[in-house]
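Subject: Structure handover

Hello,

Here is the structure you asked for. Please open it alongside this message; my notes follow below.

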Amino acid sequence: MPELPEVEALKDFLTEHLVDHEIVRVLPVAISVLKTYDPPADALQGHRVTAVHRYGKFLDLETEGGPRLVTHLARAGWLHWKDPLPSGVPRPGKGPLALRVALETGAGFDLTEAGTQKRLAVYVVRDPQEVPGISRLGPDPLADDFDEARFAALLEGERRQIKGALRDQSLIAGVGNAYSDEILHAAKMSPFKLAASLTPEDVSRLYEALRTTLTEAVERSRGIAAGRLKAEKKTGLRVHGRTGEPCPVCGDTIREVSFSDSSLQYCPTCQTGGKPLADRRLSRLLK
């Protein structure tokens, strides 16, 4: 799933390629992709893109005098820039294409989604706050006003495991499964540690890991073409998706805990005092 760093890079890429260009066609190909009906998708046509914004993992295309196009790429969605776009009209139900946006230059982008779980979402709205996922977002962890005191206040009283708290978009916007693993590894903290049990020193270490991990990932992604961002994300990850490989810090074997629809990776030496975590949904440290 694209997370804050990749969506931030997509925002920068689209700012360079879309702003000051006119949308001449919006073509929904997959029935499931559009989550709104008023305004209709074709209301975007004939309007110039003036800005691109990011809200957590959401992308927002602002137009002059028209509605906004907001998208969430979900787990298996992606954006593909094409210059020029293919000629002809794509057939619904054929392949992963979900939506196509064309500019007056002949260039544009496709939104695609792999797999059978159709969660890619597109909203055509007058205000991004009309999108339920955006209106519920917590603060952006890279915002200038997101300081350690604000982070500590968010975690105060949280009785969940810290892995789940970091992934909660209503608590902190933009962090998902991959970067929560990376942040916790950098902070040398067990993913199952209760957020409410964190000491001030723990909070300080976790805050530093959060900001540093995301900032470095954004910098690695900056200037990379949209089509290469997924590969760039994978090369920069130290533990997530690297089960069985040596930890780049201590050399211990990276381990995994699997759930019904996801998994996490961690280093026992760096994060759990050398003890492996039980691989079940309600995991705890093995005795």
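**Pockets**

H5 and helix H6 (200-221) each supply at least two residues of the lining of the second largest pocket. H6 gives the most, with 5 residues. Helices (H or I, at least four residues) and strands (E, at least two) are DSSP runs, numbered from the N terminus. A pocket is found on a 1 Å grid over the protein atoms alone, as an open set of points with protein on both sides within 12 Å along at least five of seven lines; lining residues have an atom within 4 Å of a point.

Before going further, note that this is a predicted model, in which local features need pLDDT of at least 70 and side-chain atom pairs count only at pLDDT 80 or more, while totals for chains, interfaces and linings use all residues. Residues are numbered from 1 along each chain as its sequence is written, and side-chain values use heavy atoms, with hydrogens and water left out.

The second largest pocket holds about 210 Å³ of space. For volumes, grid points are joined across faces, edges and corners, and the space counted is that filled by probe spheres set on the points. Its lining includes Tyr 179, Glu 182, His 185, Thr 212, Glu 216, Arg 220 and Arg 238. By class, the lining of this second largest pocket divides into 4 nonpolar, 4 polar and 4 charged residues. Here Ala, Val, Leu, Ile, Met, Phe, Trp, Tyr, Cys and Pro count as nonpolar, Asp, Glu, Lys and Arg as charged, and the others, Gly among them, as polar.

The largest pocket has a volume of about 950 Å³. It is lined by 32 residues, and those closest to its centre are Met 1, Pro 2, Lys 57, Ala 74 and Arg 75. Strand E8 (121-125), H5 and helix H7 (229-236) are the elements that give two or more residues to this lining. H7 gives the most to the lining of the largest pocket, with 3 residues. The classes there are 11 nonpolar, 9 polar and 12 charged.

**Helix H5**

How many of the residues of H5 are buried? The count is 9 of 10, so H5 is mostly covered, where buried means under 20% relative accessible area, exposed over 50%, and partly exposed in between (1.4 Å probe, protein chains only). Among the buried ones are Asn 177, Tyr 179, Asp 181, Ile 183 and His 185. The buried residues of H5 pack against helix H1 (4-18), H4, H6, H7, strand E10 (263-266) and helix H8 (268-271), with contact meaning heavy atoms within 4.5 Å. Just after H5, Lys 188 takes a positive phi of about 55°.

**Salt bridges**

There are 21 salt bridges in the structure, each being a side-chain nitrogen of Lys or Arg within 4 Å of a carboxyl oxygen of Asp or Glu.

- Asp 181 pairs with Lys 163, with the closest N and O atoms 2.5 Å apart. Asp 181 lies in helix H5 (residues 177-186) and Lys 163 in helix H4 (residues 162-167), so the bridge ties together parts that are 18 residues apart in sequence. Both Asp 181 and Lys 163 are buried.
- Arg 100 and Asp 110 meet at 2.7 Å, N to O. Arg 100 is in strand E6 (residues 97-103) and Asp 110 in strand E7 (residues 108-113), 10 residues apart. Arg 100 counts as buried at 11% relative accessibility, and Asp 110 is buried at 2%.
- Glu 64 bridges to Arg 48, with the closest N and O atoms 3.0 Å apart. Glu 64 sits in the loop between strand E3 (58-63) and strand E4 (68-72), and Arg 48 in strand E2 (residues 47-55), so this pair ties together parts 16 residues apart in sequence. Glu 64 counts as partly exposed at 46% relative accessibility, and Arg 48 as partly exposed at 28%.

**Cavity**

The structure holds 1 cavity of 30 Å³ or more, a cavity being a set of grid points where a 1.4 Å probe fits but cannot get out. About 60 Å³ of space lies in the largest cavity. Which element gives the most to its lining? E3 does, with 3 residues. E3, E4 and E7 each supply at least two residues of that lining. Among the lining residues are Leu 14, Asp 60, Thr 71 and Phe 109. The lining of the largest cavity divides into 7 nonpolar, 1 polar and 1 charged.

Regards
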